Amino acid sequence: MAAGSQRTRYDVGRAELDELLAGEPSYRVDQIWDGLYRQGKDPSELSNVPKALRARLESDLPTALTEVTRVTTDDGGTVKLLWELEGGSRIETVLMHYDDRTTVCVSTQAGCAMACGFCATGQAGFERQLGVGEIVEQVVEARREAGDRRVSNVVFMGMGEPLANYDRTWAAVHRLHDDIGIGARHLTLSTVGLVPGIRRLAVADLPVNLAVSLHAADDELRDELVPINRRYPLDQLVEACRDYVDRTRRRLSFEWAMISGVNDRFEDAARLAGIANDLRAHVNLIPLNSTPGYAVQGSSRNRVHAFAEDLRRRGVNVTLRDTRGSDIDAACGQLRAGHEAQPIAPPRRRS
Ligand code: SAH
């Protein structure tokens, strides 16, 4: 399935804008480029541009995202945006304010084909790839919502698997970096562990951060939690990560959603520490957000802290991630799930 067929506003780069506005004076094209792309304004807000040209921009460069709902939680610290795309698919974008930064979490696909059983998006299945403009516009809209609080970071941790939509995701990374001005070190791609994609990233031309959703450090458990592990088992994944770290000198991080009684035992911590220390990777622990299709619970606070302490004792650099939006069932794809009748997969059986 293809991305939305119609060209939208943020599919356009500077060269395409020049082409579209051939015949206009170059200062005019500069004004429009600066207003629409660098500042993220709407054509109607470009007061220095003649009305007829503004109207033409509106019709030739339509926006891709139609707002379905906007939910603010965590005392204003988190804003979840639910959008409808051409064709009717729905995706989420999340804006998160922290003391020292403001982060936008974007989606790269409508749905996801990776089928991780604990993930709300994985339970609902794949719909279609997002286009470059659909990815970039999420950041533009989040930046608008953020107002004076400058968006400093973008994480590709929303719906979908970024490396299964590699070319469009990478083009969007470039747009955010080149046109919107977000530094490579403030851009993070998160992957379920697609080895060919990690190998491409290792030789890519911008040193972005890489997060790998590990969740299990032995193949038996990872096969079950993250089914793509059957195709790219841990030894291949670890080698691809090593290559990435060696070539880019970037820090790698591992995501670990803590699932009660499943991957939060001390033996899990010991295995995880082995891999993390080997690659000098950072570990991010996230208590699992319960989803309707997965009967297991997130680990308790005490368990999460004990697990983190155990990893630290083993020399691993660990952070605990808070679960933004979980109080209103809007964490990790659940906002969308609550706004449409989604078929929910039955809980996966543990072997
Ligand atoms: N497909 C990519 C990016 C999207 S998911 C990836 O797998 O990395 C972003 C992160 O949220 C991943 O680490 C994913 O495993 C995690 N996640 C998904 N569902 C979750 C849930 N219910 N609770 C906690 N983390 C979850």
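Predicted model: local features only at pLDDT ≥ 70, side-chain atom pairs only at ≥ 80, totals over all residues.
1. Contacts of Asp268. With neighbours within four places in sequence left aside, its contacts are Leu221, Trp256, Val262, Asn263 and Phe307.

2. Setting of Asp268. This residue belongs to helix H10, which covers residues 266-279. Is Asp268 buried or exposed? Asp268 counts as buried because its relative accessibility is 2%, and the cut-off for a buried residue is under 20%.

3. Surroundings of the ligand. The shell around the ligand consists of 19 residues. Gly160, Ser190, Ser213, His215 and Asn289 are the closest of these. Two strands each contribute at least two residues to the shell: strand E8 (187-191) and strand E10 (252-258).

4. How many residues of the shell are nonpolar, polar and charged? Nine are nonpolar, eight are polar and two are charged.

5. Polar backbone atoms at the ligand. For Phe118, a backbone N or O atom is 3.1 Å from a nitrogen atom of the ligand. In the case of Thr191, the distance from a polar backbone atom to an oxygen atom of the ligand is 3.4 Å.

6. Cover of the ligand. On its own, the ligand has 530 Å² of accessible area, and the protein covers 94% of that area.

Definitions and conventions:
Residues numbered from 1 in each chain as written. Heavy atoms only, no water. Near = heavy atom within 4 Å. Polar contact = N/O pair within 3.5 Å; in protein donor to acceptor, adjacent residues only side chain to side chain. Areas by Shrake-Rupley, 256 points an atom, 1.4 Å probe, with all protein chains shown as cover. Helix = DSSP H or I, 4+ residues; strand = E, 2+ residues; numbered from the N terminus. Nonpolar A, V, L, I, M, F, W, Y, C, P; charged D, E, K, R; others polar. Buried < 20%, exposed > 50% of the residue type's maximum accessible area, 1.4 Å probe, protein only. Contact = heavy atoms within 4.5 Å.
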